Amino acid sequence: MHEISFDEALEKIRAKDQRFHRDAYFFLKEALDHTQKTISKDHRGQIRHVTGQELLSGIRIFALEQFGPMAMAMLEEWGIHTCEDFGEIVFNMIEAGWLAKTDQDSRAHFQGGYDFFEAFREPFLPSARRRARSREPKPAKA
């Protein structure tokens, strides 16, 4: 949907909502492009709508590829602490007219998602610590 340029959309967003650093939006834009390319390879080159869960998975993969063990630190620096934050950024971009959504899309698709420590730090822990963490009981979600 790109009715306005990305820079114009970003200015519009940041005038109303400064929770997330400018770079968070650039990162999400690149992660979305990366996710769409990955999905289109799996679907014979056809670009299609990306669901919230597909985007979360693509964001995780892209962040790990781009930043390795520093992925979580970078995201936190930009104000991103949960998958819900990615949803807020996406919906800010939709409201600014830079992304489109279907009737089925909602912020709720970004709720839960994944635990940031497990997604961005655990892959880089020594294997002994990963095994120990996998035996620890998980805290109950509220």
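Which residue forms a salt bridge with D17, and how far apart are the closest N and O atoms? The partner is R19, and the closest N and O atoms of the two residues are 2.6 Å apart. A salt bridge here is a side-chain nitrogen of Lys or Arg within 4 Å of a carboxyl oxygen of Asp or Glu.

**Basis of the report**

The structure is a predicted model, in which local features need pLDDT of at least 70 and side-chain atom pairs count only at pLDDT 80 or more, while totals for chains, interfaces and linings use all residues. Residues are numbered from 1 along each chain as its sequence is written, and side-chain values use heavy atoms, with hydrogens and water left out.

**Overall organisation**

The chain contains seven helices and zero strands, giving the pattern α-α-α-α-α-α-α along the sequence. Helices (H or I, at least four residues) and strands (E, at least two) are DSSP runs, numbered from the N terminus. Of the 142 residues in the chain, 37% are buried. Buried means under 20% relative accessible area, exposed over 50%, and partly exposed in between (1.4 Å probe, protein chains only). Among contacts with a separation of 6 or more, 66% are between residues 24 or more positions apart, where contact means heavy atoms within 4.5 Å.

**The nonpolar core**

The largest nonpolar core has 39 residues, and F27, I80, F86, M93, Y114, F116 and F120 are those with the most contacts inside it. Such a core is a set of buried Ala, Val, Leu, Ile, Met, Phe, Trp, Tyr and Cys residues joined through side-chain atoms within 4.5 Å. At least two residues of this core come from each of α1 (6-16), α2 (22-42), α3 (52-67), α4 (71-77), α5 (83-95) and α6 (116-121). Leaving aside residues up to four places away in sequence, Y114 touches L56, S57, I59, R60, C83, F86, A119 and F120.

Helix α3 has 16 residues and reaches 22 Å from its first C-alpha to its last, close to the 22 Å expected at 1.5 Å a residue. The expected span of a helix is 1.5 Å times one less than its number of residues. The buried residues of α3 are G52, L55, L56, G58, I59, F62, A63 and L64. An α-helix has 3.6 residues a turn, so residues three or four places apart point the same way. After α3 comes G68, whose phi is positive, near 55°.

Helix α5 is mostly covered, with ten of its 13 residues buried. These are C83, D85, F86, G87, I89, V90, F91, N92, M93 and I94. The end C-alpha atoms of α5 are 19 Å apart, which agrees with the 18 Å that its 13 residues should span at 1.5 Å a residue. Just after α5, G97 takes a positive phi of about 90°.

Within α5, N92 has a relative accessibility of 9% and therefore counts as buried. Not counting residues up to four places away in sequence, N92 touches I13, D17, R19 and Y25.

**The salt-bridge network**

The count comes to four salt bridges, and D17, R19, E88, E95 and R107 are linked in a network of them.

| Pair | Closest N to O distance |
|---|---|
| R19 and D17 | 2.6 Å |
| R107 and E88 | 3.1 Å |

D17 is buried, with a relative accessible area of 11%, whereas R19 is partly exposed at 46%. R107 is partly exposed at 32% relative accessibility, and E95 is partly exposed with a relative accessible area of 47%.

E95 is placed in helix α5. Its contacts, not counting residues up to four places away in sequence, are K12 and R107. The C-alpha atoms of E95 and A9 are separated by 9.0 Å, although the two residues are 86 residues apart along the chain.
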